[in-house]
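This is a short report on a predicted model. Please view the sequence and the structure together while reading.

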Amino acid sequence: MTPRPSPLYLRMALYIGAAIAGFVLLGLASLVLVASKQLESYLEAREGNLGRDAAQVLASGGRPALRQWMTTPGTLPDGVTVYVLDGEGRDLGGRDLPPQYVRFVDRFVLGAVRDEDDNFRPIRLAPLLVAPDGQRYAFLLLPERIAPWGSPAALAALTIAALIVIAVVAALIARAFGRPIGDLQSVVRALSNGQISSRAPAELTARRDELGELARDFDAMAMQIENLLASRQQLMRDMSHELRSPLARLQAAIALAERKHPLPPAEHGRIVAELDRMNQAIGDVLRLTRLESEPIRSKHLLKLDVFLSDLVTDERDEATTREVGLVLESATSLEVVADPQLLRSGFENVLRNAIRYAPARSVVDVNTHRDPGNEKTIVVTIEDRGPGVPPEMLERIFEPYTRLSADADDGQGSGLGLAIARRVFEAHGGRITAEVAEPCGLRVRILLPAAC
Ligand SMILES: Nc1ncnc2c1ncn2[C@@H]1O[C@H](COP(=O)(O)OP(=O)(O)O)[C@@H](O)[C@H]1O
Ligand SMILES: [Mg+2]
């Protein structure tokens, strides 16, 4: 069984078929019009008295009078030309016969002029004129042009008409297919940019062709993704909450047990540190899920140089312990609108990574400036001279729990630091990317919209 032709296919075939049919009809119509106009005046001239007039002129004034008569404008109707030929095919007016007529004229016209003594007399297509001295001439009327393309005006008109037809049909096709596809494309882009509740416009989903089907499939897919994300977030949130209370109870129980039977300090310290770490990891999961599902609420105007200088001061102790220098270079008068706590956690995660991976006696640079290409964007770069990240991992380190090596799991992070930072900056209308620094190390680039 052959599959039924689809509506979109039919519509396309219809448009293209209509275009070709329109073009062919237009071409034929103009061809017939031009040709019949030319033939009309030619036939009129043949049916008229031109031959008889010419014979009279020749009889009364001889060849010079006939030559004059032939060349006087207005004697002949438009689109018709006349040749007065002697037996050799020479025209009285001195013009050459168009080459395509020469053989034909010689066979069917000039025989009578030459008065050949032959018992074969083909039909004579032209009247004979006889001069006073007895010399015979063939009076040959021809259409001036017999093809429409002989006329530049007709050719130009035909081309313009064809172009107009093609342009109109092309515009129709573009409108019919281009607009819905463009609409769908912007929804797909919105979805891939994280606007998870984007759906195809209603007039698209209501269509009964493949585009409508595609739009409905897209909507179903978007809904599925939205549900999946929502349930994943819910699961993460529930799990973290469920883990929190037993963890708190465990901490309390250990403190109680320690009082009864003190443990060696090293072991006790390790247990407490691991419990703290677990607490921190659960807190990070909660922070990340909240960032994914809720828009930022508190918005303050922040001076970025002051904000970053406070942050750098707070991290200086940790840097000094690791013998790492911290240098802040910040342009003044750069302001952003942000939730201060969230923004701080975003920058903190990046800066702490840089300090953690920087080798002793190296420097971590924090630099802030306006984007030279776009005045409305502020760029913050945080750069270290550590081992860096291989180019193929530069994007993946922003995904939750991506760690480059097992030693990164040294109890210092939950594996969610950069994932949280990305959500924080995106929630503020910004972006965060990582690149390979020169001569070595990692440069993290953060773009934020300037407040003014
Ligand atoms: N400045 C850096 N230099 C080298 N590698 C880094 C740097 N920052 C992050 N990384 C890599 O990216 C991974 C993810 O970082 P992050 O999300 O902060 O998680 P965590 O710090 O808890 O491991 C790290 O485990 C590390 O492998
Ligand atoms: Mg980290």
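The sections below cover the domains, the sheet with its helix, and the ligand shell.

## Domains

The protein chain is divided into three parts: domain 1 spans 48–150, domain 2 spans 210–294 and domain 3 spans 300–449. Between the C-alpha centres of domain 1 and domain 2 the distance is 108 Å.

An open sheet is formed by three strands in the order S1-S3-S2, with antiparallel pairing. Strand S1 (80–85) and strand S2 (128–130) are at the edges and have a single partner strand each, so one side of each is left without a neighbour in the sheet. On average, and with direction ignored, neighbouring strands of this sheet are turned by 30 degrees against each other.

S1 and strand S3 (residues 136–143) run antiparallel and are joined by six bridges. Across this pairing, Thr81 stands opposite Leu142 in S3. Helix H1, made up of residues 7–47, lies across S1 and S3; relative to S3 the helix runs at about 155 degrees.

## Shell around ligand 1

Ligand 1 is surrounded by 22 residues, of which Asn353, Leu404, Gly413, Gly417 and Leu418 are the closest. Sorted by class, the shell around ligand 1 has 11 nonpolar, nine polar and two charged residues.

Which helices each supply at least two residues of this shell? They are helix H10 (340–357) and helix H11 (417–427). H10 gives the most to the shell around ligand 1, contributing four residues.

How values were computed. Residues numbered from 1 in each chain as written. Chains lettered and ligands numbered in written order. Predicted model: local features only at pLDDT ≥ 70, side-chain atom pairs only at ≥ 80, totals over all residues. Pairing = 2+ DSSP bridges. Axes fitted to C-alpha atoms, helices over the stretch in contact; angles between N-to-C directions. Contact = placed C-beta atoms within 7 Å. Domains from an automatic or database assignment. Near = placed C-beta within 6 Å. Nonpolar A, V, L, I, M, F, W, Y, C, P; charged D, E, K, R; others polar.
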